[in-house]
Amino acid sequence: MSNMAAETITVLSIDGGGVRGIIPGVILAYLESKLQEIAKKEKIEEDTWLADYFDVISGTSTGGLIATMISTPSDNGTRPLYEAKDIVPFYKRECPNIFSNKNNGSSEEDYNRIEVEAEQIPYGKVGKPTYGTYLQGLAKDILKEKRLSNTLTNVVIPAFDIKKFSPVIFSSYEVKSGNKVLDAKLADICISTSAAPTYLPAYNFENESEEFNMIDGGLAANNPTVAAITEAVKPRAKDVEQITFPDLLVISLGTGVEGMTGEYNAEMVNGWSAFEWIRHPLWSGKRTPIIDFFSSGNADMVDHYCTMFFQYTNNAQNFLRVQDNNLPKELSRLDNASTDNMDKLEKFAQTLLTKSVTRLNLSSFRRDLVEGETYEKALNRFAKLLVDIKKKRGGAA
């Protein structure tokens, strides 16, 4: 690992999870500060950012918003719109507006009625998306006319087109290969990947005369790590023999998963209506069970196969998944934007840094501890490797 080559592909991936994006926000702030600390010590320019060290930054839903924040250039074109330390303050400032139903055409009384009548309304339309279009206006105001081709490093953001009935991967690599259809405005991409069903409205836009009808990227890849790796590796090889497995250095950030072992069982869900699978307002904190199951299972499968890939190629140390599968129930909702909840999410992430690294083990249905390494130590190690790679390249990533 200490001899990693300059041609190593460096990947940063960020999961979906709504307001729980505060968790990777804390992790990224720590990583960026560590990169700057090491760079200064080794007499590399001080003003470097995450986008300088990663060949590709990928994100889904809230992760897509973060990926865009840290990779979109400011108006002077040389630094990102947001430093990593700005992510958490941004979430605390804007999430109460994003997750507000004041501008979606439905009243609080409507939702109270729906909750009370949920068991008697198993099918059919029971209301508009819970939240309105504030995020759409915010993204357009911040990102303006900037496009995918304008980012400081390569970006990969999944979404899902319900008219095409197909995932759409907004990839810098595709744009560089001549695919102008995917060179959409970053605002349109962010709105698309974060349009979580039942929470935020679906989104329609056009680019290069192509129509998109988009919903949350979590339906395609709530954990976009494999999407990022695939897009990054693809241009470097015309055949698989040109890919050498040690040439990957990957950090994958989760947004926390509630520890729900034993909370569900077959008998329980067999009594649910169709509506209760989608939104269960009278049970366990107003959850959306089918979405929770899908997003968590989706993310864990990607984590599992990435872990296996790196272990089987004797490079387990090149892959870091920062995730906690014991998120307290009260912090698990992706739309709880109360000040108290967001403060607790921030503290949870800070505590996570001190915990031991774990790796998903689907054979035993648990995460195994990695002896002797906390997430803080692992991020310190990765930061040193990223700086070394940049030094060998003689410039930015």
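Is Lys384 buried, partly exposed or exposed, and what is its relative accessible area? I looked it up: Lys384 is partly exposed, with a relative accessible area of 34%. My cut-offs: buried is under 20% relative accessible area, exposed is over 50%, and partly exposed lies in between (1.4 Å probe, protein chains only).

Ground rules. I am working on a predicted model, where local features need pLDDT of at least 70, side-chain atom pairs count only at pLDDT 80 or more, and totals for chains, interfaces and linings use all residues. Residues are numbered from 1 along each chain as its sequence is written, and side-chain values use heavy atoms, with hydrogens and water left out.

**Entry 1: salt bridges**

I stayed with Lys384. It forms a salt bridge with Asp388, the closest N and O atoms being 2.9 Å apart. I count a salt bridge when a side-chain nitrogen of Lys or Arg is within 4 Å of a carboxyl oxygen of Asp or Glu. Both residues lie in helix α14 (residues 375-393), 4 residues apart, about one turn of the helix. Salt bridges with shared partners join Glu42, Lys384, Asp388 and Lys391 into one network. Asp388 is buried, at a relative accessible area of 16%. Helices (H or I, at least four residues) and strands (E, at least two) are DSSP runs, numbered from the N terminus.

I then took the total: the structure holds 22 salt bridges. One of them pairs Asp15 with Arg321, with the closest N and O atoms 2.6 Å apart. This pair links distant parts of the chain: Asp15 is in the loop between β1 (9-14) and α1, Arg321 is in strand β8 (residues 319-322), and 306 residues separate them. Both are buried.

I also checked Asp335 with Arg333, where the closest N and O atoms are 3.1 Å apart. Asp335 counts as buried because its relative accessibility is 8%. Arg333, at 31%, counts as partly exposed.

I checked the span of α13. Its 14 residues reach 20 Å from first C-alpha to last, close to the 20 Å expected at 1.5 Å a residue. The expected span is 1.5 Å times one less than the number of residues.

Which residues of α13 are buried? They are Asn341, Met342, Leu345, Phe348, Ala349 and Leu352. The arc is that of the directions from the helix axis to the C-beta atoms. Thr339 and Lys347 are exposed on the other side. The buried residues pack against α1, α3, β8 and α14; contact means heavy atoms within 4.5 Å.

Next came α3 (residues 87-98). Ile87, Val88, Phe90, Tyr91, Glu94, Cys95 and Ile98 are buried there. Their arc is only 145° around the axis, which puts them on the same side of α3. What covers them includes α1 (22-41), α2 (62-71), α5 (134-143) and α13 (339-352).

**Entry 2: aromatic rings**

I paired rings of Phe, Tyr and Trp (its six-membered ring) if their centres lie within 6.5 Å; planes under 30 degrees apart count as stacked, over 60 as edge-to-face and the rest as tilted. This rule gives 10 aromatic pairs. The Phe160 and Phe165 rings have centres 5.9 Å apart and planes at 80°, so that pair is edge-to-face. Phe160 is buried at 12%, and Phe165 is exposed at 69%.
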